[in-house]
Amino acid sequence: MMGAYFQNIKNGFTTVFEGMSITFATMFVRKETVQYPEVDITSNKTIAEKYKGSLMGMPDNYRGVLILENGLCTACQICQRTCPIDCIAIENAKCDKTKPTDKDGKPVLNRFTQKEAIKTRALTRFDINIAKCMFCGLCEAACPTGAIHHTKQFEMNRECQEDLVLRFVSDGEKEIAVKRAEEIEAEAEAKKAAKAEKEKEAKEKEEQEKGAEE
Amino acid sequence: MTSALKTEYLTINMGPQHPSTHGVIRFILKTDGEIIHECDPDVGYLHRGIEKLAESITWQGFVPYTDRVDYVCAMNSNLAYCMAVEKLMGMDSEIPKRAEYIRVIVSEMNRISSHAVAIGAADMDMGAFTPFIHFLREREHINDLFEMICGARLTYNYICIGGVNADVSPTFLSKTAEFLDHFEPIVEQINRLISYNQIFIKRFADVAIVPPKMAIDYNLVGPNLRGSGVKFDIRKDKPYSIYPEVDFNVPIGTGRAGTLGDCYDRYMVRVEEINESIKIIRQCLKQIPDGETKAIVKSSIKPPKGHIYFRTETPRGDTGYFIVSDGKTSPARLKIRTGSFTGMSIIPEIARGVFIADLVAIIGSLDVVAPELDR
């Protein structure tokens, strides 16, 4: 009885020191904590400047805040339809038929069909609500021209809620696009009217000819 | 005489903001002194209606939502849903072999990180904070590896219907092997730090005993069921993916420190499962073939009319997805069956007559995760 009592006390001591030996050993192990604001964590190279641990920096495919490259976008609205929480809002208007080009001036290929992408509509609105966005990457995977993609930006504090909506089409650009769309529409209507008039004239001529025959 | 000495039970709230409830779970306790007379779990604080949301979004659009069902093991949730939909579409044989291997590697990695959190949190509830920090440090390495392949640290959306979203690089495979070599000794080290600690064993042993029959009656699943000595693992008994091709054991509770099915058994089953997962990943890294990682799937799929129930082994037991399709672009009904829920339902039974401090041990050993419980 007494023996078991002292055995318990001995066990309590040895088991504590066993654990403490590991705790003390880790004092001499490399520190893994990343001192975030002081250390630039945006890539493998920048993190190694001040940080000596074994964690890696952000990879190139990090899914941060979304960004749109206006020049590549064909306003096809596929990303809007793919988004499960509707954080993308797109409005578009008719524009001249163009082929979007990348930075080097080469025509952009549709990633799924491998044909040159054709732009027939211009953006009048492209808003991404990053307060709603859940950074799932579905829009990026669905975009045929690679216009919408994730950046490495992960700090999303803004002063007010309106700032959380990223607007990629400015009011000036919207005005130009709307104006051009109206012009195109007017041109199309003028063409239509001219065509109708031509047809009318042709008909009248036909009738006149018929009348002359009779 | 007895009626004259009748004492009133004191009703107290434990939670929803109690540090040991792992999220927001509330227990209404009727206590007699320090002994719990009745324990009534109140769930639903984290209910987000994910099952209902599924009915209004596309089949592929629901995959990121499964990340949020259980964010401690998002890969396993992704896998369970995607395999269910593939089975419903009858395309489960078209999945490329390489994708299957990648899926098993990432889901076993996620099992390691999930069990690490579960073990660490159980230790933390018992008052030992150090092991939790050690495990979180190791978990960061797994998060780093996942970030490398899919760009996110917690809500991966990596496994998709038809395969995986992106191929893994050889760097990932070599770094995974490196991590396993680094992590295996650490499991034993942390065992020495806490699992074999006499004080910790005395605290966990013989608490909240769940006999095998009771575990089956209450429909416990996963490590909680195996902790009661029932050898049932879906990876072995109803194999899916490439699990028949890999060799691993199913650890079960044997009454290591006291009675079969106590808290310590459930705890140790998790520790041993980490070692089994390491074994599985090592074999997969050796066997992984080259080739495609995604079968051809339309951008908007319409599975045929019908229903399916498919279950996979996740760290918290078997997660089942019951999906009804009416041939449209979104599911007609989706029901998720999770291990945390059954773990929660046994608490009123086993918490009767224990100390309040032991209830914390019970929750820790059952590894209840609040978002998975409420969905």
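## Helices α4 and α6 of chain B

In this predicted model, the crossing of α4(B) and α6(B) is left-handed. Helix α4 of chain B covers residues 97-125, and its axis comes within 13 Å of the axis of α6(B), with a crossing angle of roughly 25 degrees. Angles under 35 degrees count as roughly parallel, so α4(B) is roughly parallel to α6(B).

By class, the contact of α4(B) with α6(B) has seven nonpolar residues, one polar and one charged.

## Helices α5 and α6 of chain B

Helix α6(B), residues 170-195, also packs with helix α5(B), residues 130-150. Here the angle is about 170 degrees and the axes lie 11 Å apart. With angles over 145 degrees counted as roughly antiparallel, α5(B) and α6(B) are therefore roughly antiparallel to each other.

On the α5(B) side, the contact is made by Pro131(B), His134(B), Phe135(B), Arg137(B), Glu138(B), His141(B), Ile142(B), Leu145(B), Met148(B) and Ile149(B). Their counterparts in α6(B) include Phe172(B), Lys175(B), Phe179(B), His182(B), Ile186(B), Ile190(B) and Leu193(B). The residues of this contact of α5(B) with α6(B) sort into 13 nonpolar, five polar and three charged.

## Helices α11 and α14 of chain B

Further along chain B, helix α11 (residues 263-287) packs with helix α14 (residues 356-366) at an angle of about 30 degrees, and their axes are 9 Å apart. That angle makes α11(B) roughly parallel to α14(B). The crossing of these two helices, α11(B) and α14(B), is left-handed.

From α11(B), the residues Cys263(B), Arg266(B) and Arg270(B) take part, meeting Ala361(B), Ile362(B), Ser365(B) and Leu366(B) of α14(B). Four of the residues in the contact of α11(B) with α14(B) are nonpolar, one is polar and two are charged.

## Sheet and hairpins of chain B

Chain B has an open sheet of three strands in the order β1-β2-β3, paired antiparallel. Its edge strands are β1 (10-14) and β3 (35-42), each of which pairs on one side only. From one strand to the next, the twist averages 25 degrees.

Strand β2(B), residues 26-32, is joined to β3(B) by seven bridges, and the two run antiparallel. Phe27(B) stands opposite Pro41(B) of β3(B), while Lys30(B) has Glu38(B) as its bridge partner. The hairpin of β2(B) and β3(B) has two residues between the strands, and in this hairpin Gly33(B) takes a positive phi near 70 degrees.

Another hairpin joins β6(B) to β7(B), again through two residues. Strands β6(B) (residues 306-314) and β7(B) (residues 317-325) pair in the antiparallel sense over nine bridges. One of the pairings sets Gly306(B) against its bridge partner Ser325(B) in β7(B).

## Sheet and helix of chain A

Asn129(A) has Val165(A) as its bridge partner in β5(A).

Side chains of opposite charge can pair when their charged atoms come close. Over all chains, the structure holds 40 salt bridges. In one of them, Glu51(B) pairs with Arg375(B), and the closest N and O atoms are 3.2 Å apart. This pair links distant parts of the chain, 324 residues apart: Glu51(B) is in helix α1 (residues 50-53) of chain B, and Arg375(B) is in the segment after α15 (370-374) of chain B.

Terms used: Residues are numbered from 1 along each chain as its sequence is written. Chains are lettered from A and ligands numbered from 1 in the order in which they are written. This is a predicted model: local features need pLDDT of at least 70, side-chain atom pairs count only at pLDDT 80 or more; totals for chains, interfaces and linings use all residues. Side-chain values use heavy atoms; hydrogens and water are left out. Axes are lines fitted to C-alpha atoms, for helices over the stretch in contact, and angles run from 0 to 180 degrees between N-to-C directions. Helices (H or I, at least four residues) and strands (E, at least two) are DSSP runs, numbered from the N terminus. Angles under 35 degrees count as roughly parallel, over 145 as roughly antiparallel, 65 to 115 as roughly perpendicular and the rest as oblique. A crossing is left-handed if the near helix is turned anticlockwise from the far one by less than a right angle, and right-handed if clockwise. Contact means heavy atoms within 4.5 Å. Ala, Val, Leu, Ile, Met, Phe, Trp, Tyr, Cys and Pro count as nonpolar, Asp, Glu, Lys and Arg as charged, and the others, Gly among them, as polar. Two strands pair if DSSP finds at least two bridges between them. A salt bridge is a side-chain nitrogen of Lys or Arg within 4 Å of a carboxyl oxygen of Asp or Glu.
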